[in-house]
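Please read it alongside the sequence and the coordinates.

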Amino acid sequence: MGENSRGMRTILIGLLVMAGMALLPGPASAVTAGTGQTFPVSWLPLKAGEIPGTQAGTLGMGNSSNPMSDNGRFVLFTAISNLLDPDGAVDSLNIYRRDMQTGKSILVSRRDGKNGAASGAFFYSFDLSANGNLAVMVTEDQLTADDADNTPDAFLRDIAAGTTTLITPGTSGSVGDAKISGDGKYIVFPTESALVPGDVNGLSDVYRRRLSDGTIDIVSRTPALPNAGNDSSYESAISGDGRWVAFSSDSTNLIAGFTDNNGAFGSDIYLRDMVDGVTYLVSSRFDSSTQGANGESEEPVIAGTPGALAAVKVAFASRGNNLVDNAVTDTATDSSVYLKTMPSQASELISRATGANGVNADSRAHTPSISNNGERVIFSSDAGNLGAGLDYYGVYVRDRSSSSTKLVSARNEYAVFGVISGNGSWGTWAESGGGTPDSDYDLQGVFRRNLNDNKIRYVSRPKGSAKVVSPGFSNYSDGGISRTLSANGRYMVFSTWSSRLPGGAPQVEQVYRRDLATGKIVLVSRATGAKGAISEAASEPSISGDGNRVAFVAYNSLDPADTNSVGDVYIRDISANQTILVSRADGPGGAVGDDSSTAPSVNGDGSVVAFSTEATNLGYGDGNPKVFTRDLGTNQTEIISRANGEAGATANNTAELPAISSDGSRITFASSATNLSPDDASSSRSIYLRDRNTDQTILISRAPGLAGASITSFIYDSTISPDGSRVAFVTSDSATVPATAPWPAFQGQIVVRTVADGTNTLASASPGGVVGDGDSADPSLNNDGSLVSFSTAASNIRTDVSIAGDTEGVVVKNLADGSTSGPPLFGTPGAFLRGARGPQMSANGNCLMFSAEGSNAVSGVMGTMRSTYIYVNSGTCQNPRALVPKLTKVSLKPFKFKVSNKGKRGSKLRFTLNTRANLTIRVDQKLKGRKVGKKCVKPTAKNKTRKACKRLAFRGKLTRKNRPAGKNTVAFSGRIGKKALRPGKYRVVIRASGPGGKSEPVFRSFRIVR
């Protein structure tokens, strides 16, 4: 594109952007928040009768099993919440026990004492005794005074007695997955600590501890001497009375004559009789007691309390396929679930379809749990041939007595880690809700099914029957390079999955825009038309400066021309309901990219979109990702990742992550190419800027000065100011700003480069210029780059808050005077949820959007999930949650009625609300009066000659809480409480109130007749 035409286009675009901003409609009825305020913007309104909930059934980043008492009454589970018990630790993973009879959940993860303080730490595992009273927890938190180390230990919580006891004393090494016997007398656990003289392998071994006297026995031992095996042992299980212990081990010397058939890194399952002192091989080949399986075996569980070897049943998972026969029943090497009845050699395949000879699961099956009698085994699988249909993971039960296999979980979308009660009547698991009327698809929860009548109950909920729903949505697009906040901060775009949003479906990510002036959310990722087809999945939104156009990646066709099966870039014009395919070659009908396109970045008026693509048919293609722009006005697709000149060489290595200026003339991108600048011959990733007006490609990641040396260390997280004058990026190389050296090793710092003169400024520094002492990332710039926001773990950058420990905070840095500000800290240092990140600054610098998890004064129930907030850096920003309620279309019909009797007669008040609010209805009776001064008072003999007037006598007030936005109807019986209004003339004064204030009052008259 020539320089003159580009220059003219730049001017026109600038005028259009200003015109677009001027023509934006003013705020609806949102309350504006002032400088320094912070408020959530990812909230969703709750309907009347709904209560907020949080995620449960998680253990770290994954799911956890939820053990039960033998009779299924008590269920042990984790939740990131203190809504279930007021003593729960805020911002932390807590362990609770729910009584399914009373509906009460109590905090289990406490320090010693009936009301011992909540732990607030990470838990590696937990287990429950058969009667549901004793809980074992493994954590590195020091729950008792006698725990002197910071390594994971096992603790016993006696719930009835209110005591917490360290049950792995003397272990300096980590304790693994601890289990308790059903009778509560023994625990088994793996540890690297040597607890007996014969443990000299320096590896993990399995031990059993008798809780009454602390007696320790090594389980993973050699046949003759109490010496540890010759390799690691872990993953143990224990029988109800503690006699039998099953475990997995890589050792090869635990039984005489053993042959290892699964390699040095494949474990086998063993069973130890702690009374007779004999160890048996469980995962044996079908025709041998000493030949190991031909695949790794793990996850053992023991059925009940067997009295003799012949009564022992062990379920386990194995990748071997020679345990039943010789690769006949199970031909695959995927993990399958087996059951071994000792001392037989062959095992029984459990993970199979209904029928005595049901087909083997056609994919993975694992994590078994077994009933006391060994007749029912629960397991998890992503197989599609177990009777539940094709989906993903489900929890299944195999009933050996009827040879049936059934789905236990509500769905097989993603349900894992099932547990069966000892009596075989109940199954628990964790999955997204919706399987019960009181649960929400958007929250992961713990559930229990009655395996006899198939009824499901929601376990991880507060007491009561009210529906538990997510208080908001999680923003999956936070912290990206592309802008997700409009120039004036009115509109935000985000990607998420939520069944409560327009067009939303569980586990399907879509792109949305929220108007912060009204709170309204619209679905963006759909085809042309007001009700165009919804994308199968979409992500990576980028918003134009005026907020009207949103670019995104869709993973299915939203245009008939898009016939590939990969992600493509689209842009939606919201006011026109038009969706345009962007990732295509030159021309209005240019070829659609033949490979994935990602990372769209849209300019101020939405006329130009930059994107990265692996497509080879857009005019340039050598197998490396390239950066292009698409001009929607001219239908021109132009390569950006090229060297100087209109025909400069295209990048000879990866080019990605573009960011575009507001006028569309300047695009930054990251590249590992070696041919884009003579000053950058290194293949390490660098940041470049392409000026479309001058066809110049500029190396940005370099030392100070226009000719500064290229920075060869890894560079990431780059962005450009809307006016194109400054670029921010992250590096750990102090050569970028040598005057601030030395820098902490291997920690990212925020550098802002002025394009015109090559000046580099260290943004991640204290107001005095000292380099940050922790990692910083996620830079975002205001229009001219004078303000930069970023996330940081440094403790010396912000002076108004103390960022310490593992907490992460968000900073706004004024580059002119070095001052810092930002939102409050979120979360508790050292807790599970802690910190804010991914800031996005509006071009005018007023509003800062960011994501945070953890609690503080502004988060409320939103603090239990990763939520999105706005911080007002200067001026004002619109808080959609604080809409001033507005009453419209108010009617009271009939206006003449009798007081209702058992639902008959009466009247109905109808109205429309713009936002959820509480309603107050004041009732005044119209009576005759006499004018005394300016007042209309009750007639008396003294004032009977005064002028007649109408006076109002207060008769009572009605309230209706939490009325939803939209049309509403309230029945009015003609009674205030139990008292009926007397016949006569009346008026009602109706007012709505909410966080944003009170509506204007609305008056309506009515008459009570006999």
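In this predicted model, a disulfide connects C936 with C949, and the distance from S to S is 1.9 Å. The structure holds two disulfides, the other being formed by C847 and C877. When the bonded cysteines of the chain are numbered in sequence order, the pairing reads 1-2, 3-4. A disulfide is a covalent bond between the sulfur atoms of two cysteines.

**The pair C936 and C949**

- The torsion about the S-S bond is 100° for C936 and C949, and the link is right-handed.
- Because C936 belongs to strand β65 (residues 935-937) and C949 to strand β66 (residues 948-963), the pair ties together parts of the chain that are 13 residues apart in sequence.

- The sulfur atoms of C847 and C877 lie 2.1 Å apart, and the two residues form a disulfide.
- This disulfide is left-handed, because the torsion about the S-S bond of C847 and C877 is about -115°.
- The pair links distant parts of the chain, with C847 placed in strand β58 (residues 847-853) and C877 in strand β60 (residues 876-879), 30 residues apart.
- C847 is buried, at a relative accessibility of 1%, and C877 is likewise buried, with a relative accessible area of 3%.

**The loop residue A793**

- A793 is found in the loop between β54 (787-792) and β55 (809-814).
- With a relative accessible area of 33%, A793 is partly exposed.
- Leaving aside residues up to four places away in sequence, A793 touches G774, D775, I803, T807 and E808.
- A793 and D362 are 431 residues apart along the chain, and their C-alpha atoms are separated by 46 Å.

**Points to check in the coordinates**

- Which handedness does the disulfide of C847 and C877 have? The disulfide is left-handed, as its torsion of about -115° about the S-S bond shows, whereas the link of C936 and C949, with 100°, is right-handed.
- Is A793 buried, partly exposed or exposed? A793 is partly exposed, its relative accessible area being 33%.

Key
Residues are numbered from 1 along each chain as its sequence is written. This is a predicted model: local features need pLDDT of at least 70, side-chain atom pairs count only at pLDDT 80 or more; totals for chains, interfaces and linings use all residues. Side-chain values use heavy atoms; hydrogens and water are left out. A disulfide is a pair of cysteine sulfur atoms within 2.5 Å. Helices (H or I, at least four residues) and strands (E, at least two) are DSSP runs, numbered from the N terminus. Buried means under 20% relative accessible area, exposed over 50%, partly exposed in between (1.4 Å probe, protein chains only). Contact means heavy atoms within 4.5 Å.
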